[in-house]
Amino acid sequence: MKAGVIGAGAWGTALAQLLAADGQVVALWALEADVVDAINATQQNPLYLPGIKLAPSIRATSAMADLGDCDMLLVVSPAQHLRSVVRQAPAGVPLILCSKGIEAGTGLLMGEVARAAQPTSPIAVLSGPTFAHEVAKGLPTAITLACEDAVLGAQLAARIARPAFRPYLSDDVTGAEIGGAVKNVLAIACGVADGAGLGLNARAALISRGFAEMTRFGLARGARAETLGGLSGLGDLVLTCSSTNSRNFSLGKGLGEGRSAAELLSNRRTVAEGAFTAPVLRDAARAAGVEMPVVEAVCALLADAAPLGTVIDALLARPLRPE
Ligand SMILES: NC(=O)c1ccc[n+]([C@@H]2O[C@H](COP(=O)([O-])OP(=O)(O)OC[C@H]3O[C@@H](n4cnc5c(N)ncnc54)[C@H](O)[C@@H]3O)[C@@H](O)[C@H]2O)c1
Ligand SMILES: O=P(O)(O)OC[C@H](O)CO
């Protein structure tokens, strides 16, 4: 058995490290030739996961054909590139989707995109509160593994579980995907509150009211409430809204400090998924008649469409309503 990982950003590299730590061979596909060379020559990925010595059994490659003998493939590209990498992946091999977002242009969740790109490949989703550096260091982590096929889900969970890495099984793929996508947008909002010095009460309010938005949207799309309240929803929301280790929170913090979205988003190598998901999520919510005022506020700031003070005042001035 050989695992393949598609995408050698921070999370793909950390997952490869997790799977290879006991000496198992892991094939890691990277887009950039210099990342492939660095991992194979020095057991390091200084571009995306600096400071971590990687297992020598990780074999980096830029040839997708090298993943042809893998029994499972973890897809860890940014959400907006998932379609193109899944199209290139070997067909018929179970895909564990680890990207968090909604595809721009189509409004599709990652499972829907993967099914369209590779119709014969079984799909699972891996999502939860997981900062890559912590997983790469072997710190304790729990995560949701969602798969409609319970037998396959159990097999995949057994393949990726490690003493300090606990997958919890679910058959609610949609719920796991929506939690991971929506929390990134809400983390931007919490970062804004931090950057603007609005205080910890405001952060708690945003987490709580943001979770209400996530739940309304998720239920409208067929997700289950307990999934949204679990690791892949509330768990990840709390993690990402609490730390500048989150790229989404940091992006929001910059906005809250008065910097423009255009400046913060230009020339960055690492991905802040919430910036891409926010407008797609807003449009999907409007189309479904779901109110998401915090998401709307984040969209206004990302579009540099309104001054920060105006956006905050508008949120606070919304009509009083039952919780
Ligand atoms: N970093 C984390 O802690 C973490 C944890 C859980 C989930 N995720 C999710 O994993 C996904 C990948 O994030 P990351 O943190 O590993 O990435 P990253 O920000 O560390 O690196 C960017 C990645 O984008 C890739 N990329 C850039 N252009 C591309 C293209 N045209 N085609 C394919 N790939 C391209 C790069 O090769 C690189 O792998 C995201 O959806 C993220 O939300 C990240
Ligand atoms: O750095 P972020 O904001 O992409 O968050 C990373 C993970 O999704 C946390 O679970």
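## Helix packing around α7 and α4

The buried residues of helix α4 pack against β4 (72–75), α3 (82–88), β5 (95–97), β6 (123–127) and α7. Helices (H or I, at least four residues) and strands (E, at least two) are DSSP runs, numbered from the N terminus. Two residues count as being in contact if their C-beta atoms, placed from the backbone, lie within 7 Å.

A word on the ground rules before going further. The model is predicted, with pLDDT of at least 70 needed for local features and pLDDT 80 or more for side-chain atom pairs, while totals for chains, interfaces and linings use all residues. Residues are numbered from 1 along each chain as its sequence is written, and chains are lettered from A and ligands numbered from 1 in the order in which they are written.

### Buried faces

Which residues of α4 (residues 110–117) are buried? They are M110, G111, V113 and A114. These four cover an arc of only 160 degrees around the axis, which puts them on the same side of α4; the arc is that of the directions from the helix axis to the C-beta atoms.

Helix α1 (residues 10–20) is mostly covered, with eleven of its eleven residues buried. Among them are W11, T13, Q17 and L19.

A note on method: axes are lines fitted to C-alpha atoms, for helices over the stretch in contact, and angles run from 0 to 180 degrees between N-to-C directions. Angles under 35 degrees count as roughly parallel, over 145 as roughly antiparallel, 65 to 115 as roughly perpendicular and the rest as oblique.

Let us begin with α11. Helices α7 and α11 (residues 247–256) pack with their axes 6 Å apart, at an angle of about 40 degrees. That angle makes α7 oblique to α11. The crossing of α7 past α11 is right-handed. A crossing gets that label if the near helix is turned clockwise from the far one by less than a right angle, and is left-handed if anticlockwise. On the α7 side the contact includes N184, A187, I188 and C190, and on the α11 side it includes F249, L251, K253 and L255. By class, the residues of this contact divide into nine nonpolar, eight polar and two charged. For these classes, Ala, Val, Leu, Ile, Met, Phe, Trp, Tyr, Cys and Pro count as nonpolar, Asp, Glu, Lys and Arg as charged, and the others, Gly among them, as polar.

Next comes α10 (residues 231–240), whose axis is 8 Å from that of α7, at an angle of about 25 degrees. The two helices are therefore roughly parallel. Their crossing is right-handed. From α7 the contact draws on A176, G179, G180, K183, N184, L186 and A187, and from α10 on S232, G233, D236, L237 and T240. Four nonpolar, six polar and two charged residues make up this contact of α7 with α10.

How do α7 and α13 (residues 273–288) pack? Their angle is about 105 degrees, and their axes are 8 Å apart. They are therefore roughly perpendicular to each other. A181, V182, N184, V185, A187 and I188 of α7 meet E273, G274, T277, A278 and L281 of α13. Seven nonpolar, three polar and one charged residues form this contact of α7 with α13.

### A few individual residues

Two residues other than glycine have positive phi values. Q43, in the loop between α2 (33–42) and β3 (58–61), has phi near 55 degrees. N267, in the loop between α12 (261–265) and α13, has phi near 60 degrees.

Two arginines sit in helices. R216 belongs to α8 (residues 200–220), and its C-alpha is 10.0 Å from that of G289, 73 residues away in sequence. Beyond its neighbours within four places in sequence, R216 touches V290 and E291.

| Residue | Other C-beta atoms | Class |
|---|---|---|
| Q43 | 16 inside 10 Å | partly exposed |
| R159 | 17 within 10 Å | partly exposed |
| R216 | 17 within 10 Å | partly exposed |
| N267 | 5 within 10 Å | exposed |

Definitions and conventions. Buried ≥ 20, exposed ≤ 12 C-beta atoms within 10 Å, placed from the backbone.
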